[in-house]
Amino acid sequence: MEKDFIDVSCSKFGTFTVQRLVENMKEDVEFAYLFNIIKQDIVKLAHHPKGNFVLLCIIGIIKENMFDQIIE
C-alpha cells in the first residue's frame, strides 16, 4: 500500500477514497503511519490537481501536535 498511496491519492477516483480513509482515522498511530508514507512525496501531493485535496483533508483533521511532523 505504501508505494501506491501517492498514486491512488492523485487518481481521479482514488482521491475521494483516500479522503474518506483519512476522515475515519482516529488513532495517533494511524496518522503517524500516514505521515511516514506521505512525507517523501508531500510536494507532489501539494502540486497535484487531485492529490492536493488529500493533503488539505489531512491538514484539516490532524491534531495540532501532529502538525509539526508535516512541516519538518
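Mentor: A residue is called buried when its relative accessible area is under 20%, exposed when that area is over 50%, and partly exposed in between, with a 1.4 Å probe and protein chains only as cover. By that criterion, 35% of the 72 residues of the protein count as buried.

The model is a predicted one, in which local features need pLDDT of at least 70 and side-chain atom pairs count only at pLDDT 80 or more, while totals for chains, interfaces and linings use all residues. Residues are numbered from 1 along each chain as its sequence is written, and side-chain values use heavy atoms, with hydrogens and water left out.

The pLDDT is the predictor's confidence in each residue, on a scale from 0 to 100. Its average over the protein is 86, and 85% of the residues score at least 70. Helices are DSSP runs of H or I with at least four residues, strands are runs of E with at least two, and both are numbered from the N terminus. The protein has 6 helices and 0 strands. Among its elements, α2 has the highest mean pLDDT (94), whereas helix α6 (residues 64-71) has the lowest (64).

Helix α2 is the part to examine. It spans residues 14-23, and its axis comes within 7 Å of that of helix α1 (residues 2-9), the two crossing at roughly 115°. Here the axes are lines fitted to C-alpha atoms, for helices over the stretch in contact, and angles run from 0 to 180 degrees between N-to-C directions. Contact means heavy atoms within 4.5 Å. On the α1 side the contact is made by F5, V8 and S9, and on the α2 side by G14, T15, V18 and L21.

Neighbours within four places in sequence aside, T15 is in contact with V8, S9, K50, F53 and V54. Q19 also has its place in α2. With a relative accessible area of 12%, Q19 is therefore buried. Again leaving aside neighbours within four places in sequence, Q19 is in contact with F53, V54 and C57.

The spacing of such positions follows a general rule: an α-helix has 3.6 residues a turn, so residues three or four places apart point the same way. As to the protein in general, among contacts between residues at least 6 apart in sequence, 66% join residues at least 24 apart.
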